[in-house]
Amino acid sequence: MTAPVLTPVRDSREGRDRLEIMTALVNSPSFDPVFRSEIVEIPPDHPVYRWVCLVTDCERPRAGRGDLCGAHETAWRQLRAERSRADFLRTADLVGHGEELRERLCRLCPERPSRQLTLKLCHHHQFSWYHYRDRHGDAADFDTWLAKQLPRPGYGRCKAVVCPDLAESPLGLCYRHHRRYLREGRPGGAVLPAQWGNRYERVGSPVPVSYDNESDFRWWCSRMAPVSRPGQINLRGLHPLLRAEIQWGLFVHARGSGRRWELTQIQSLADYCRDHGFHSLTDLAAGSVDPDEEGGRLTTVGREASYLARILIDLLTPLYVTPEQTREQGYLNTVHFGRRLNNRSPRIDLTSISQRWLRDLAWDHFAAILRSPSCPRSGHTFDGTRRACTELSAFLEIQAPGGGHDPRLLRPHHVHDFAADQRLRELDGLPSLGVKGLHGKPSIVTAYTRQMVFTRTRRILLEALESGEAERLGLDRGFVTAMPSPGRIITRTQTPFSDEVARALAAETNLQTLAACHDPADRGLRDAWETIIVTGRRCSEVIKLRLDCLGRYGGLPMLWHDQTKVGNYDAAIRIPEQLHQRLEARQRKTLALFATRHNRPPTPEERAHLPLFPSNQRNSDSRRPLSYQWFHRGFKAWINGLDIGRWVPHQARHSLATSLLRAGASLTHIRRYLGQVSERMAERYVHLAQSDLESVLQHVWVAGPGAANPGEILTDDLTPLNQEHAMAIAIDLGRRSTPAEGGFCTFQPVVDGGDCPWSLNCHSCDKFVLPGADLLYWRRKREPWRLLAEGAPDDATADYLHVYFEPTARAIDGLEKALAGLGLLDDALALDLRKPQDYFHRVWSTAFRAADLVDVGAEGESEYRNTYTPEDTDPEQDVA
């Protein structure tokens, strides 16, 4: 499907309006005056368009796409095994000016160019000095000769229309255009008489020029491209609108930096547009509508120049067209809505949706998303909706009357047929009707794509029904409501690493292989992977770490990062000392890389924007971090080489979440540490096996029968906390308890190893608490008590026994209610252990949300309520 393009312009009202817009922008005070002239002179050390050699004090231009001139590039290849690049840049010997960078004037004739860079003399005075030197031999003195010379009048500017240089002879051409004129066979036959200098110029007579055809010579001068000079972009001879467009594009790109644009490619684009007589860059894009013409134009201009043209047109589109015009032309530009999707062009093409009414509904839906405050950062949502509409459009084009272009003719059975077609294609693995995959291959319909198509089309049609747009179009209500729901969507969460895989991924020899074989340039693949393992951060959060992401606070190493997915910026987590040292080494490498690229250390402002893992592509200012695609490509190749199955980096996050759970962390702690929006999201990362159930049950705590309020829940997540108890209950209960028969003792002298002053009478002690794993133990003890009371000889004894065991019964009831509120009661009853303490190891206890627990009806306050951590603390660091 051909991408939509801007319409070409000539000297119409539209073209004049565009010229007024561009002229106002170029003449605005904020516009960089460097780009305002017809001949743009770029400073040698420009941060984006740098063109001079990177070696200190070298004035030669860069060779090709490298950072060195040709001579220094050759020298560096010979010395790279002996010296570092930074040392070479500082100490390399200079090799002269090389090619002429700018036109130099004769030191005697201000209107003539110099032919000799050392003497700085024009053609006439150069040969005059040579004759003087030949006559006087060793006695010839240059200063003496120079004092006797007189300036000569010049020949004016070069007759090549776009050339700003001075002519070197009466023929009217500069030195380089004269050489080009001779190479091309002297069109028009323009020649000077023999010995014109001695016969005419010496005696002060005008020098005649003879032509075979003067009009051919003038035509050749009018079509000649400018002489290419380093650091110069010649925009002479371009239409004013086209010139302003290129100037504006240069300015905008320099302001946003990013990929380095080669000046030679920009000049090639300008020369191509001049040769073809274009009035605007949109003329170049308009030619691509015809496939036959597209190859000719874009191939002739070159791949790089064609890329620059597309970027410039994307910059111009929001200035030239309105959102309503893009709706008419069948595409959408995100810049109109103040949005830029990650790594995406601002243009979203909707021309694959052939029905105008359906395309307009999709356009309105996209516009609503882009205007909303919760607009996604990536293009996945837009891709899915466009695919859904394209699938429906292709089906209606074949099956519906009139190709589905008249919505008044559509009926519910068309939707039923569409749904059946999608399901059959899913079952048989058939390709889509209208969607192509990578490199034009047919996209296969799967359960995921079918569910996505149903969901997105249903959403758009229902929106049209609710807004009244469906009624305006005459779309049958039954057609809208007949679109099926996607049904049950099966989502499989990724599992944590198994023990064997985890050992393989953390083995030193394998990590060395990862760095040596899959990251030979040492961009930080191993460092990023170890950071992901230790911290459980998302891959994107790690590879986008800033250079100044490390620090010590109170002697503890901390890592600062941005959790952009949840809008949590400048979040800090504690990291191990070993990881801190590794990342410090990476900081030094990044600074050394910056010095190598720019031959200087970064300024404080530049340092604040440097990434810890800078990319080596499209990164002229070193602010671009490595891409996830680069990281995943190296990681996948490493995994394949280890022969341990298919694994992805994100599973390290699942592994850490499961480890935190086993260590006693609650979902609240895991959510806050991993940066999740809700605990429901955190549940996806928690993989609870039967072997872990016992440890979880141990974390349900209620007061024992000897407490003031038996059965009171001690792990209430909403219990307020005093300032002195800033640690989470998960940590306090773990440190302040020790296993006892049927529960835990929280009396600190006993926990610290002292003797119990109550002779181990735990069940009558108010320092005794009950864990959830001991539910069956206490249930079994309750049955003999009931039988004993029922078998009492009289009512008084029975009442006494009931009153005596009543606190224990209340504690057991409270424990059952707590487990029921968590949904763990059945699991606790299935855990048939005599003494769960025998299987219990000291773990970090946890807190639970009050919304997950039932009200146990306990009255009064318990001393253990002061062990919970309030919301303004961060116990995740200690849990980790």
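**Local backbone and packing features of the predicted model**

R186 is partly exposed, with a relative accessible area of 34%. Leaving aside residues up to four places away in sequence, R186 touches Y181 and V191. The C-alpha atom of R186 is separated by 9.8 Å from that of D212, a residue 26 residues apart from R186 along the chain.

Most residues other than glycine have a negative phi. Against this background, R186 has a phi near 50°, which is a positive value in a residue other than glycine. A positive phi in a residue other than glycine also occurs at K120, where the angle is near 60°. K120 belongs to the loop between helix 3 (85-91) and helix 4 (123-136). The relative accessible area of K120 is 37%, and K120 is therefore partly exposed.

A positive phi is also found at a glycine, in the hairpin formed by strand 7 and strand 8: G554 has a phi near 65°. Two residues lie between the strands of this hairpin. Strand 7 (residues 550-553) and strand 8 (residues 556-563) run antiparallel and are joined by four bridges. Within this pairing, L550 stands opposite L559 of strand 8, and G551 stands opposite M558 of strand 8.

Helix packing was examined for helix 15 (residues 356-371) and helix 18 (residues 447-467), whose axes are 10 Å apart and meet at an angle of about 90°. Angles of 65 to 115 degrees count as roughly perpendicular, and helix 15 and helix 18 are therefore roughly perpendicular to each other. On the side of helix 15, the contact involves W357, L361, A362 and H365. On the side of helix 18, the contact involves R459, I460, L461, E463 and A464. By class, the residues in this contact of helix 15 with helix 18 are six nonpolar, one polar and two charged.

Helix 13 (residues 303-320) consists of 18 residues. The distance from the first C-alpha of helix 13 to the last is 25 Å, close to the 26 Å expected at 1.5 Å a residue. Several residues of helix 13 are buried, including E304, D314 and Y320. Also among the buried residues of helix 13 are A305, S306, L308, A309, L312, I313, L316 and T317.

With residues up to four places away in sequence not counted, R526 touches E508, L511, Q512, L514, A515 and R582.

Note on methods:
Residues are numbered from 1 along each chain as its sequence is written. This is a predicted model: local features need pLDDT of at least 70, side-chain atom pairs count only at pLDDT 80 or more; totals for chains, interfaces and linings use all residues. Side-chain values use heavy atoms; hydrogens and water are left out. Buried means under 20% relative accessible area, exposed over 50%, partly exposed in between (1.4 Å probe, protein chains only). Axes are lines fitted to C-alpha atoms, for helices over the stretch in contact, and angles run from 0 to 180 degrees between N-to-C directions. Angles under 35 degrees count as roughly parallel, over 145 as roughly antiparallel, 65 to 115 as roughly perpendicular and the rest as oblique. Contact means heavy atoms within 4.5 Å. Ala, Val, Leu, Ile, Met, Phe, Trp, Tyr, Cys and Pro count as nonpolar, Asp, Glu, Lys and Arg as charged, and the others, Gly among them, as polar. Two strands pair if DSSP finds at least two bridges between them. The expected span of a helix is 1.5 Å times one less than its number of residues.
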